[in-house]
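Subject: Structure for your study

Dear colleague,

Please find below the structure that I am handing over to you.

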Amino acid sequence: MPKEKRQLLGEREVFRVLALRYRSPSSVRAGRVTKEVIEGLRHWFPYSRWSVPQIRRFVLKAFNDPKVTRLLEAQICPPIDPDLGDALVKALRGLRFAFVVPSIADLDAAANERYLGIAAFHCLVPKMGDSVSVGVSGGLPVHAFLQQLDLTFVTGWRFFALNCQVSGQPIWTTGDILLGDFLARHWHNLVMPNAPKPQVFVEPTHLSPDDLDWALVSVMAPTEEMKRRGVVAGVLGYGFRGDGSLLLPAPLCPQIRSVPLALLQRMVSKGKGVVAFGTNADALLAFYRAQRSGGLMFNGIVTDDRCAVELLKKVNPTWKLTDVPQRQKWWAICQSFRAVHLRYGTAPNHLPNRAIAERLGLSRKQIPKLLKEGLRSDGEGSLVRLKVKSPSAELELEWELLKRWGLREVRIVPDFEDDEQGYAALGQAAAEFLEQLAEGRESVCVGISWGRSVLAMLDAFAEKVEKGMARGKKWTFVALVNVPPVHSPLLLGTAPQSLLGTLMLRFSAFSSSAQEEVGHSAIRCLTFRQGSPLPMLDAVFTGIGIFATGKLIADYARALGLEGTVKQWHGEMLFQFFDRNGRILPTPWGSTVQALPLKELQGMVAMEKPVVVMARGKEKAEVLKTAHRMRLFNCLIADRSLALAL
């Protein structure tokens with residue numbers, strides 16, 4: 001039975017568990033540790049020998065790993081209450097629309113404001129089109145709206161600041177600050193050659209209603225100082241009393257310059273959209289009453305349900321919430337949204353079910369159902385969409401190859417121009433994989449081929465064992481190719497027997513016929529011989545050759561007096577050749593070279609044993625595709641350029 005997974009999980013492990021869990025719609029809809037996640041892991045080495053309880057514990061550990069907050073991005077879309085919105089439109093004459101979201105002000109006041117902007121983004125942007133002029137104020141809701149925008153989508157838009165900082169230290173969040181932040185977040189796209197860029201204007205003085213199609217305005221609750229002066233609402237820096245009158249005809253702070261409020265009134269009269277964001281009923285009502293001095297200043301409102309109910313009661317004291325339909329259904333949706341926020345919207349602290357239940361005053365058993373409802377991926381009811389971010393391009397390539405090729409394991413390393421660094425990275429990845437394959441085993445038998453990639457793997461493996469890896473294990477390495485001695489330094493250094501000799505020297509001198517304890521690990525080296533019994537192989541690690549870069553094997557052919565015999569081969573493994581159609585070619589070596597037949601590799605793949613190919617360079621993509629069709633391997637360790645070519 002394999003041992004339990006080590007305490008600290010790597011990025012690869014956490015990323016793959018999250019990808020299995022959240023990149024599949026069916027697994028998202030189901031429970032926390034789904035059958036699909038378990039089967040996905042058990043398809044990959046080394047998890048294939050794990051029991052279901054072990055995998056469940058491993059998956060739960062991955063879910064609770066601190067790396068989750070960095071790798072899992074939650075896009076929360078608050079639900080809209082159409083019935084309460086209709087009630088607002090009927091009560092506040094002149095409104096064209098009202099979007100009402102669940103209130104989480106008691107849980108997170110700042111997030112409550114941001115969800116207004118997110119809701120407006122999802123509701124309004126599809127109606128705005130590819131070319132539109134938008135004026136923005138400051139405030140968290142407008143900031144959240146801008147954060148949702150994709151720069152590639154809004155390159156035809158024009159943005160205008162409805163208020164700005166004049167001088168001195170920045171005070172409040174005015175429109176120019178939000179637009180500056182918007183551009184800063186997309187700076188890497190803006191500086192690309194020939195990249196289309198949106199037009200941005202931060203001076204509000206000369207704006208006219210004809211310049212704008214939409215205006216997004218935050219309605220701020222008053223500060224304590226503003227309350228002492230009789231101010232109930234702050235809009236674009238202007239202060240409003242409870243009856244809708246202005247405290248001053250200019251912004252309260254001399255450091256802020258704003259458009260005249262008459263601009264908003266003229267936009268409304270022209271049928272253009274002026275959207276008021278707010279969660280304070282007194283402030284929204286004061287801004288609504290300001291129409292007495294020249295006309296309504298907004299015709300759309302975005303708020304939360306708590307504020308909407310309070311506002312409706314202030315407008316009509318006889319109004320009753322029971323008159324609004326679907327209240328029980330909306331309550332259930334709100335509870336699900338609140339649970340979703342506490343789990344996914346509070347990064348980096350994703351609360352567990354117990355803490356969520358305590359915050360919501362519900363039983364712990366109710367929380368999984370609420371979260372499941374929030375994760376519904378039917379397109380309509382989904383409150384949160386989870387995006388798994390790859391820690392690196394290499395891990396994303398691993399995932400793509402695992403899914404597209406159906407391999408049992410893939411490890412991708414970065415590209416290196418220097419061959420020595422490139423092969424060292426390949427060898428390190430192979431040694432790490434071998435270490436994982438050996439977990440829980442008392443003895444391991446590994447077949448190896450020849451070449452620089454295998455040499456790099458054995459070097460990395462030797463370093464690991466010297467540092468105490470897998471103490472107490474019995475290791476057997478079998479050279480699956482037996483070639484006559486050659487005297488070329490390059491050929492001699494990569495021959496299978498030389499590789500075994502190098503391995504033995506790394507652990508002090510001992511012969512292939514006797515085991516010697518090195519660091520409490522028994523290591524034995526064998527060479528394949530035709531007709532001799534071969535130990536049962538647990539895994540094979542091999543390189544792969546192509547004719548275009550097959551200088552080494554061509555040199556072997558010349559050294560053995562067999563020139564011209566390898567010109568027709570497309571790919572090579574274990575000193576045996578196959579053509580582009582995947583046919584194994586007759587060996588040109590006769591009895592000179594002995595090697596494990598390629599059909600034995602195919603048999604190991606069929607038996608679901610690891611057969612690992614190590615390769616570098618995009619030029620090997622075609623031969624790898626052929627070998628994959630032939631089922632000569634089921635695991636791949638490659639560099640980034642080769643993975644991209646595949």
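The notes below set out what was found, topic by topic.

This is a predicted model, in which local features need pLDDT of at least 70 and side-chain atom pairs count only at pLDDT 80 or more, while totals for chains, interfaces and linings use all residues. Residues are numbered from 1 along each chain as its sequence is written, and side-chain values use heavy atoms, with hydrogens and water left out.

The chain as a whole

The secondary structure of the protein chain comes to 26 helices and 26 strands; these are DSSP runs numbered from the N terminus, with helices (H or I) of at least four residues and strands (E) of at least two. Of the 646 residues in the protein chain, 53% are buried. Here buried means under 20% relative accessible area, exposed means over 50%, and partly exposed lies in between (1.4 Å probe, protein chains only). Among contacts in the chain with a separation of 6 or more, 72% are between residues 24 or more positions apart; a contact means heavy atoms within 4.5 Å.

Two packed helices

Two packed helices are described by the angle between their axes and the distance between the axes. Helix H19 (residues 419-437) packs against helix H20 (residues 452-466) at an angle of about 60°, and their axes are 7 Å apart. The axes are lines fitted to C-alpha atoms, for helices over the stretch in contact, and angles run from 0 to 180 degrees between N-to-C directions. That angle makes H19 oblique to H20; angles under 35 degrees count as roughly parallel, over 145 as roughly antiparallel, 65 to 115 as roughly perpendicular and the rest as oblique. The residues of H19 that meet H20 include Tyr423, Leu426 and Leu434, and those on the H20 side include Met457 and Phe461. By class, this contact of H19 with H20 has 10 nonpolar, 3 polar and 6 charged residues. Ala, Val, Leu, Ile, Met, Phe, Trp, Tyr, Cys and Pro count as nonpolar, Asp, Glu, Lys and Arg as charged, and the others, Gly among them, as polar.

A buried glutamate

Glu409 lies in strand E14 (residues 409-413). Because its relative accessibility is 1%, Glu409 counts as buried. The side chain of Glu409 makes a polar contact of 2.8 Å with the side chain of Arg16, and another of 3.2 Å joins the side chains of Glu409 and Arg411. A polar contact is a pair of N or O atoms within 3.5 Å; within protein, one must be able to donate a hydrogen and the other to accept it, and residues adjacent in sequence count only if both atoms are side-chain atoms. Leaving aside neighbours within four places in sequence, the contacts of Glu409 include Trp44, Phe45 and Phe433.

Backbone features

Most residues other than glycine have a negative phi, and most peptide bonds are trans. A cis peptide bond, with omega about 0°, joins Phe45 and Pro46. Pro46 is found in the loop between helix H3 (35-43) and helix H4 (52-63). Gln326 is not a glycine, yet has a positive phi of about 65°; Gln326 lies in the loop between helix H14 (305-315) and helix H15 (327-344). Glu608, also not a glycine, has a positive phi of about 60°.

Yours sincerely
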